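Visitor: I would like to go through this model term by term, hearing for each label what value lies behind it and which cut-off decides.
Guide: Then let us look at it together and take the labels in turn.

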Amino acid sequence: MSEHQLKEALDTLKQTGVRITPQRHAILEYLIQSMTHPTADDIYKSLESKFPNMSVATVYNNLRVFREVGLVKELTYGDASSRFDFVTTEHYHVICEKCGKIVDFHYPGLDEVEHLASHVTGFKVSHHRMEIYGVCGSCEKKEAH
């Protein structure tokens, strides 16, 4: 985990007038460290031993605050629980159809897509989202046996 990322994120919160509570700090740190795009439940379960008085609602409320200030993206995929991604650079997700694992995928060639879409359609494009689906290596190995 990058201490620099954590410091920048905490500075962003302070600049927007958000108080830094120990729980808020821990949730943010967990999100920065986690490469698994956790659900609010995952975060709660990982931190409940450290913060026995913290509820799942506290985790959700903090995630909402982080989303509102632009530190976190909420990823929704059909009926499954929302997953949360600490915002670093623009990237895409490859999702396993068997176990739901999500892996970051960087592809700079798509940076021009929004400009092209705007040019061709006349839309004022705000953002785009791309997801790639398949079966991860672990699930593929399980199927082979």
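Guide: Two strands are said to pair if DSSP finds at least two bridges between them, and strands (E, at least two residues) and helices (H or I, at least four) are DSSP runs numbered from the N terminus. This is a predicted model, in which local features need pLDDT of at least 70 and side-chain atom pairs count only at pLDDT 80 or more, whereas totals for chains, interfaces and linings use all residues. Residues are numbered from 1 along each chain as its sequence is written, and side-chain values use heavy atoms, with hydrogens and water left out.

Visitor: What does the protein chain contain under that rule for helices and strands?
Guide: The protein chain has 6 helices and 5 strands, and from the N terminus on they run α-α-α-α-β-β-β-β-α-β-α.

Visitor: Which strands form the open sheet, and in what order?
Guide: The open sheet has 3 strands in the order β4-β3-β5, with mixed pairing. Its edge strands are β4 (102-105) and β5 (131-134), each of which pairs on one side only. Neighbouring strands of this sheet are turned by 25° against each other on average, direction ignored, where axes are lines fitted to C-alpha atoms (for helices over the stretch in contact) and angles run from 0 to 180 degrees between N-to-C directions.

Visitor: How do you know that β3 pairs with β4, and in which sense?
Guide: Strand β3 (residues 92-96) and β4 are joined by 4 bridges and pair in the antiparallel sense, and the rule asks for at least two bridges. Across this pairing, Val-94 has Val-103 as its bridge partner in β4, and His-93 stands opposite Asp-104. The two strands form a hairpin with 5 residues between them, and Gly-100 in the turn has a positive phi of about 85°.

Visitor: How many bridges join β3 to β5, and is the pair parallel or antiparallel?
Guide: There are 4 bridges between β3 and β5, and these strands run parallel; in this pairing Cys-96 stands opposite Gly-134 of β5.

Visitor: What makes β3 a mostly covered strand?
Guide: Of its 5 residues, 4 are buried, where buried means under 20% relative accessible area, exposed means over 50%, and partly exposed lies in between (1.4 Å probe, protein chains only). Cys-96 has 4% relative accessibility and therefore counts as buried. In the protein chain, buried residues make up 31% of the 145 residues.

Visitor: Why is the closest cysteine sulfur to that of Cys-96 too far for a bond?
Guide: A disulfide is a pair of cysteine sulfur atoms within 2.5 Å. The sulfur of Cys-96 is 3.7 Å from the closest one, in Cys-99, so this distance is too far for a bond. The sulfur of Cys-139 is likewise 3.7 Å from its closest cysteine sulfur, in Cys-136, and therefore also too far for a bond. By this rule the count comes to 0 disulfides.

Visitor: Why is Cys-139 called buried?
Guide: Cys-139 is called buried because its relative accessible area is 7%, and the limit for the term is under 20%.

Visitor: What makes α2 roughly perpendicular to α3?
Guide: Two packed helices are described by the angle between their axes and the distance between the axes. The axes of α2 (residues 22-33) and α3 (residues 40-47) come within 11 Å and cross at roughly 115°. That makes α2 roughly perpendicular to α3, as angles of 65 to 115 degrees take this name, while those under 35 count as roughly parallel, those over 145 as roughly antiparallel and the rest as oblique. Contact means heavy atoms within 4.5 Å, and here it is made by Ala-26, Ile-27, Tyr-30 and Leu-31 of α2 and Asp-42, Ile-43, Ser-46 and Leu-47 of α3.

Visitor: Why are α1 and α2 called oblique to each other?
Guide: The axes of α1 (residues 3-15) and α2 come within 10 Å and cross at roughly 135°, and α1 and α2 are therefore oblique to each other. In this packing Gln-5, Leu-6, Ala-9, Leu-10 and Leu-13 of α1 meet His-25, Leu-28, Glu-29 and Ile-32 of α2.

Visitor: Where is Thr-39, and why is it called buried?
Guide: Thr-39 lies in the loop between α2 and α3, and it is called buried because its relative accessible area is 11%. Leaving aside its neighbours within four places in sequence, Thr-39 is in contact with Ser-81, Ser-82, Arg-83 and Phe-84.
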